[in-house]
Amino acid sequence: MQDSNISKTVLPRPMLSRISHDFGEFSVSRVRVEAGACDITSRGQLRIAVTLDARWDTHIFGGRTYAHDRGEICMFPPQLMRETRIREGGEGILISVNESIIDRLAREVGTPSPWETFRFHTLSDPVVHRLVWALGN
């Protein structure tokens, strides 16, 4: 793994702070949030969000609303129209992967781009959660 660029940013509500490690094609951020509406745009990026101790809801436009609890992992495909509301502040890990790297890897292994069939997905797996938590530290 190459060296990362590390940045710490203080952001407007409800995101209080973000410490990011940028690796070019992807980044890993540890975020601290407070309760409130959160406008997160992920155009052109696959987003993987892991709740450490925050609780939040995701409303998928044209679909349903999901309640997320501590330890849950959510995968948001690029171009997914959604609205997020933090119910209980805390910390989380956000991994952002450029859409182009996923497309390039798919071509290299001879499979089609996954974006036609990839949908919003949640996962509650303690092993995966610990691995992502370690990546964010």
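This is a predicted model: local features need pLDDT of at least 70, side-chain atom pairs count only at pLDDT 80 or more; totals for chains, interfaces and linings use all residues.
The protein chain has 137 residues, and its mean pLDDT is 82. A pLDDT of 70 or more is reached by 85% of the residues. Confidence is under 50 over residues 6-12; for this stretch the model has 14 contacts beyond four places in sequence. The secondary structure consists of 2 helices and 11 strands. Read from the N terminus, the order of elements is β-β-β-β-β-β-β-β-β-β-α-β-α. Of the contacts with a separation of 6 or more, 60% are between residues 24 or more positions apart. Buried residues make up 39% of the chain. The accessible surface is about 8,000 Å², and carbon and sulfur atoms account for 54% of that area.

One group of strand pairings involves β5, which spans residues 45-51. Strand β5 is mostly covered, with 6 of its 7 residues buried. It is joined to strand β10 (residues 90-98) by 7 bridges in the antiparallel sense, and within this pairing Q45 stands opposite N98. Strand β5 also pairs with strand β8 (residues 73-76), again antiparallel, over 4 bridges. Two of the facing positions can be named: A49 stands opposite C74, and V50 stands opposite I73. Strand β8 in turn pairs with strand β11 (residues 121-123) through 3 bridges, in the antiparallel sense. In that pairing the partner of I73 is L123.

The largest nonpolar core comprises 14 residues. Those with the most contacts inside this core are V33, W56, F76 and F120. Two or more residues are contributed by each of β3 (26-33), β6 and β8. Apart from this core lies another, of 13 residues, which includes L46, V50, L52 and W115. For F120, residues up to four places away in sequence being left aside, the contacts are I60, Y66, H68, C74, M75, F76, P77 and L80. Among these, F76 is also listed with F120 for the most contacts inside the largest core.

Residue S27 lies in strand β3. S27 counts as buried because its relative accessibility is 15%, under the 20% limit for burial. Beyond its neighbours within four places in sequence, S27 is in contact with H21, D22, L94, I95 and S96.

Residue Q79 is located in the loop between β8 and β9 (82-88). With a relative accessibility of 41%, Q79 is classed as partly exposed, since the value falls between the limits of 20% and 50%. The backbone of Q79 has a phi near 70°, a positive value in a residue other than glycine.

Residue T117 belongs to the loop between α1 (99-108) and β11. Its relative accessibility of 66% is over the 50% limit, so T117 counts as exposed. T117 and P77 are 40 residues apart in sequence, and their C-alpha atoms are 9.9 Å apart in space. P77 is also one of the residues in contact with F120.

Note on methods
Residues are numbered from 1 along each chain as its sequence is written. Side-chain values use heavy atoms; hydrogens and water are left out. pLDDT is the predictor's confidence in each residue, from 0 to 100. Contact means heavy atoms within 4.5 Å. Two strands pair if DSSP finds at least two bridges between them. Buried means under 20% relative accessible area, exposed over 50%, partly exposed in between (1.4 Å probe, protein chains only). Accessible areas come from the Shrake-Rupley method with a 1.4 Å probe; for residues, only the protein chains shown count as cover. A nonpolar core is a set of buried Ala, Val, Leu, Ile, Met, Phe, Trp, Tyr and Cys residues joined through side-chain atoms within 4.5 Å.
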